[in-house]
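Dear colleague,

My notes on it follow directly after.

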Amino acid sequence: MGRSMRLDPYAHAPKLPEGDSIDPRLVLGSGERPVELEIGPGRGWFLIERLEAFAEVFILGLEIRRKWAQIVDERVKSRGLGGRGRVFAEDARAAVARFPEACVSAIYVHFPDPWWKKRHQKRLVVSGDYGSALARVLVPGGELFVQTDVEERAQEYAQLLDATAELEPFAESPWIEDHPYVARSPRERRAMADGLPIYRLRYRRRGGAGPLVPVASSPNPSTVPDPG
């Protein structure tokens, strides 16, 4: 069978419901409780570890690659976590624009924007006015966490988010040495194992007190091995 005749095994990767508006709380069945959002979960281990660590967490992942959206969504369900976590094959910029205001308690963006060539700039996740777009869906006091191992990109993110009127540093400075969310993304674990610096930024939406999401009571021990 020729390549053009082969069926796409990921043609039916999960998608969000159609329509101009979609409430992630309804998708996950969290009631009025705001949900957490991971943009670009990749292989999904941060999302899964977070669900396993905190029974009260509801988290939705938006993954632009259909293959990994389908694999991770099935992986979440196979671990009995599908009632609180889902992953959908969606472009985060378009999907978040459909969310209502103040429906998300935390947004996690791990090592985004791998594209360096000028023609790929339109694909960047954290760029332009997207700080305001993300802040819009956060509840007051809700958190935005971004981390990268590229210093230049980290400085760009900080400049953009510092200029976002709806956001403020979670503490005195947005720069943090480590994060309290317990879970780790595979790339984060690799960077730590290789001794690479990781630049982490933690903000929150103005107008509320935090933290609104469950976090570790002590520094993140990172004891869970990378499942691959």
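Predicted model: local features only at pLDDT ≥ 70, side-chain atom pairs only at ≥ 80, totals over all residues.

Residues are numbered from 1 along each chain as its sequence is written, and side-chain values use heavy atoms, with hydrogens and water left out.

Helices (H or I, at least four residues) and strands (E, at least two) are DSSP runs, numbered from the N terminus. Strand β1 (residues 35-39) has five of its five residues buried, that is, under 20% relative accessible area with a 1.4 Å probe and protein chains only. V35, L37 and I39 point one way from β1, and E36 and E38 the other way.

Strands pair if DSSP finds at least two bridges between them. β1 runs parallel to β4 (residues 104-110), joined by five bridges, and parallel to β2 (residues 59-63), joined by four. L37 stands opposite I107 in β4 and has L60 as its bridge partner in β2.

Rings of Phe, Tyr and Trp (its six-membered ring) pair if their centres lie within 6.5 Å; planes under 30 degrees apart count as stacked, over 60 as edge-to-face and the rest as tilted. The count comes to three aromatic pairs. F145 and Y181 have ring centres 5.2 Å apart and planes at 65 degrees, so this pair is edge-to-face. Ring pairs link F46, Y108, F145 and Y181 into a cluster.

Yours sincerely

Note on methods. Buried < 20%, exposed > 50% of the residue type's maximum accessible area, 1.4 Å probe, protein only.
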